[in-house]
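Here are my notes on the model, as numbered points. Please read them with the structure open.

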Amino acid sequence: MEDQPLISYKNVDINQQELGILNNVNFELKKGEFVYLIGKVGTGKSTFLKTIYGELDICEGEATVLGYDMRTIKQKNIASLRRKLGIVFQDFQLLTDRTVYDNLDFVLRATGWKQFSERESRIEEVLRLVGMENKGYKMPNELSGGEQQRIVIARAILNKPEIILADEPTGNLDVETGRNIVKLLQEICTQGTAIIMTTHNLNLLSEFPGKVYCCGQHQLREASEY
Ligand SMILES: Nc1ncnc2c1ncn2[C@@H]1O[C@H](COP(=O)(O)OP(=O)(O)OP(=O)(O)O)[C@@H](O)[C@H]1O
């Protein structure tokens with residue numbers, strides 16, 4: 001079982017509103033891999049990620065994510081699947097009416113962490129991991145964009161996901177702050193979490209190594225050059 005891929009897509013077709021977006025997708029993600037998804041605007045990167053977290057149905061082919069068959073998965077299992085994924089978007093999506101600590105605590109409570117002391121120590125641990133140990137008391141609007149994205153990553157790793165899906169996580173950040181976010185994701189990856197990250201910033205690819213897949217012309221292909 002150790003060698004089983006976390007994600008396996010074989011000859012998968014993906015549509016949006018009956019419009020073909022990606023055809024005949026073959027894709028595998030293994031434990032601890034770092035994968036970039038690149039490609040021009042509107043070529044289907046986010047759409048592909050949506051099929052992985054069960055937001056969009058698969059039309060054709062075979063697709064499994066963390067052991068779930070994505071052709072037949074039931075709604076209640078989509079909720080369980082999402083608890084095993086960490087999801088990071090470009091717009092930070094923190095709850096603005098509560099502190100960083102309470103944003104994280106909200107997720108832990110919602111995912112069944114009953115003991116206050118356990119929640120407290122996990123929150124302290126993830127804040128330390130993302131270099132934000134002293135920011136728990138802050139409101140999201142008191143943080144910079146890069147700091148907010150660190151909190152979003154902290155939130156994504158609370159339940160030790162096997163996979164993080166990061167859709168343009170550096171899209172709203174300046175170059176240097178974006179580099180630091182990718183560095184952080186790479187550190188998380190070396191600890192065993194596989195990561196799929198979409199980006200338009202090709203400079204990142206040479207600096208931070210990863211497997212590269214490219215979307216274009218309704219295809220998703222592993223890229224040897226980009
Ligand atoms: N909810 C939707 N309904 C219908 N079509 C959609 C929907 N969402 C996306 N699309 C279409 O699917 C195609 C792929 O969009 P997608 O957002 O996956 O592209 P992308 O590669 O992630 O682009 P970007 O780099 O801009 O984020 C586009 O043509 C888009 O118009």
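1. Start at leucine 94. Leucine 94 touches Asn103, Pro140, Gln148, Ile151 and Val152, leaving aside residues up to four places away in sequence. Contact here means that two C-beta atoms, placed from the backbone, lie within 7 Å.

2. Some ground rules. This is a predicted model: local features need pLDDT of at least 70, side-chain atom pairs count only at pLDDT 80 or more, and totals for chains, interfaces and linings use all residues. Residues are numbered from 1 along each chain as its sequence is written. Helices (H or I, at least four residues) and strands (E, at least two) are DSSP runs, numbered from the N terminus.

3. Where does leucine 94 sit? Its place is in the loop between β6 and α3. Leucine 94 counts as buried because it has 20 C-beta neighbours inside 10 Å. The cut-offs: buried means 20 or more other C-beta atoms within 10 Å of a residue's own, exposed means 12 or fewer, and partly exposed is in between. The C-alpha atoms of leucine 94 and glutamine 148 are separated by 7.8 Å, though the two residues are 54 apart along the chain.

4. α5 is mostly covered, with 10 of its 13 residues buried.

5. Four strands form an open sheet in the order β2-β1-β4-β5, with antiparallel pairing. β2 (19-29) and β5 (68-69) are the edges, each with a single partner strand, so one side of each has no neighbour in the sheet. Strands pair if DSSP finds at least two bridges between them.

6. Check the β4-β5 pairing. Two bridges join β4 (residues 60-65) to β5, and the strands run antiparallel. Valine 65 has tyrosine 68 of β5 as its bridge partner.

7. Helix α1 (residues 45-52) lies across β1 (7-16), β2 and β4, at about 120° to β1. Axes are lines fitted to C-alpha atoms, for helices over the stretch in contact; angles run from 0 to 180 degrees between N-to-C directions.

8. Is serine 80 buried or exposed? Serine 80, in helix α2 (residues 75-83), counts as exposed because it has 12 C-beta neighbours inside 10 Å.
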